[in-house]
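User: I would like to learn how to read the packing features of a model. Please take them one at a time, with the general idea before the case.

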Amino acid sequence: MRRPPLTELPSRLPVDGYLLALVGTVALAALLPARGPAATTAEGAATGAVALLFFLYGARLSTREAMAGLRHWRLHLTVLACTFVLFPVLGLAARVLVPQVLPPTLYTGLLFLCLVPSTIQSSIAFTSLARGNVAAAICAGSFSSLAGIVVTPLLAGLVLPGNGGGFSAGSLVPIVCQLLLPFLAGQLLRRWIGDRLTRHKKALGRVDRGSILLVVYAAFSAGVVQGIWHQVSALRLLCLLGVEAVLLAVMLSATWYGSKRLGFQRADRIAITFAGSKKSLAAGLPMASVLFGAQAGLAVLPLMVFHQMQLMVCAVLAKRFAASTGPEPAVAGGGGGSAEAAEVAVSGARR
């Protein structure tokens, strides 16, 4: 049976069109930054967009598939450990690169990158292409995203430099108001509006992407006005690219070989590799706008670079995994699910 189109990937290396839109938004902010009253308006609109974004996440995210995968708890705990333990440890270890390789501003962004949750949609797509455990990827990505709403801000409060992002205990209030409460409200109202939102998923996808573009424009505009971009040279950006390439290579190796040492079957190892080594741009950008405020421009730059890098590298890996596996996709472990379930979960998940 042919797989759903939503879980297929192009034959060439993916050039993320949405990332190009993000780059264009950054360029617009550099040329025409919002100033004065316009900056106040943009900041207020971005705050509302973040709240709307998380409300829609809550209203569309089905818990049925996630609860069905609880039986495969070892796999999900492994992915959570990679996302919220191993990644942050590597981020803290990278502190030795400051200031010789990375300036403090970029290091803060790199460390924030290590704290955000895993992706859902691309993890499922790569796992499906590689003939892995699709149901496990659905559940692992969903659990990571749900946990990230609480765990990422808490980790940020513990490990981010106090002078790098301006995070403090007082930041928990806007985090709760802008992220957690709208998400919970969406979950509570899902019973009445979930089906309607599912019928209009294409339009809502535009709302998602537009909201994030607005957040990026407001954050980068503030950075341009404050002159923070003069703090980073082209050489330091190249250094950031190299550091992130090493970070991705370490995480891919740790998830693939580590899951083998833990006794997981091949299909489960594929799901762990793709869900445990990736970071969510869609979740990280709104969180950064809340945590960093006017400093969010440089803080999200490492995440944007890592996002495109992980897409390109994982596309190659997924094709190689598929070539070395049988012709039929394997759905192993206790996650359960089917191609139709994957379609439903992906359509309601964040990128």
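User: At what angle do helix H13 and H14 pack, and how far apart are their axes?

Analyst: First, the basis: this is a predicted model, where local features need pLDDT of at least 70 and side-chain atom pairs count only at pLDDT 80 or more, while totals for chains, interfaces and linings use all residues. Residues are numbered from 1 along each chain as its sequence is written, and side-chain values use heavy atoms, with hydrogens and water left out. Helices (H or I, at least four residues) and strands (E, at least two) are DSSP runs, numbered from the N terminus. Axes are lines fitted to C-alpha atoms, for helices over the stretch in contact, and angles run from 0 to 180 degrees between N-to-C directions. Helix H13 (residues 281-292) packs on H14 at about 165°, and the axes are 9 Å apart.

User: How is the orientation of H13 and H14 classed?

Analyst: Angles under 35 degrees count as roughly parallel, over 145 as roughly antiparallel, 65 to 115 as roughly perpendicular and the rest as oblique. H13 and H14 are therefore roughly antiparallel. For handedness, a crossing is left-handed if the near helix is turned anticlockwise from the far one by less than a right angle, and right-handed if clockwise. The crossing of H13 and H14 is right-handed.

User: Which residues make the contact of H13 with H14?

Analyst: Contact means heavy atoms within 4.5 Å. From H13 come Leu281, Gly284, Leu285, Ala288, Ser289 and Phe292, and from H14 come Ala296, Ala299, Val300, Leu303, Met304 and His307. For classes, Ala, Val, Leu, Ile, Met, Phe, Trp, Tyr, Cys and Pro count as nonpolar, Asp, Glu, Lys and Arg as charged, and the others, Gly among them, as polar. The contact of H13 with H14 has nine nonpolar, three polar and no charged residues. The spacing can be read against a general rule. An α-helix has 3.6 residues a turn, so residues three or four places apart point the same way.

User: Is Gln310 buried or exposed?

Analyst: Buried means under 20% relative accessible area, exposed over 50%, partly exposed in between (1.4 Å probe, protein chains only). Gln310 lies in helix H14 (residues 296-323) and has a relative accessible area of 0%, so Gln310 is buried. Leaving aside neighbours within four places in sequence, Gln310 is in contact with Thr119, Leu248, Ser277, Lys278 and Lys279.

User: At what angle do helix H6 and helix H7 pack?

Analyst: Helix H6 (residues 121-129) meets helix H7 (residues 134-159) at about 165°, with axes 9 Å apart. That makes H6 roughly antiparallel to H7, and the crossing of H6 and H7 is right-handed. In H6, Ser123, Ile124, Thr127 and Ser128 meet Val134, Ala137 and Ile138 in H7. These residues divide into four nonpolar, three polar and no charged.

User: How many residues of H6 are buried?

Analyst: Eight of the nine residues of H6 are buried, so H6 is largely enclosed by the rest of the structure. Among them are Ser122, Ala125, Phe126 and Leu129.

User: What is the phi of Arg131?

Analyst: Backbone angles are read residue by residue. Arg131 has a positive phi of about 65° although Arg131 is not a glycine. Arg131 is in the loop between H6 and H7 and is buried, with a relative accessible area of 17%.

User: Which residues does the cis peptide bond join?

Analyst: Omega is the angle to check. Val98 and Pro99 are joined by a cis peptide bond, with omega about 0°. Pro99 is in the loop between helix H4 (73-93) and helix H5 (104-113).

User: How many disulfides does a search of the whole structure find?

Analyst: A disulfide is a covalent bond between the sulfur atoms of two cysteines. The search criterion is a pair of cysteine sulfur atoms within 2.5 Å, and the search finds zero disulfides. Cys82 is buried at 9% relative accessibility, and Cys114 is buried at 1%.

User: How many helices and strands does the protein have?

Analyst: The protein has 15 helices and zero strands. Buried residues make up 51% of the 351 residues.
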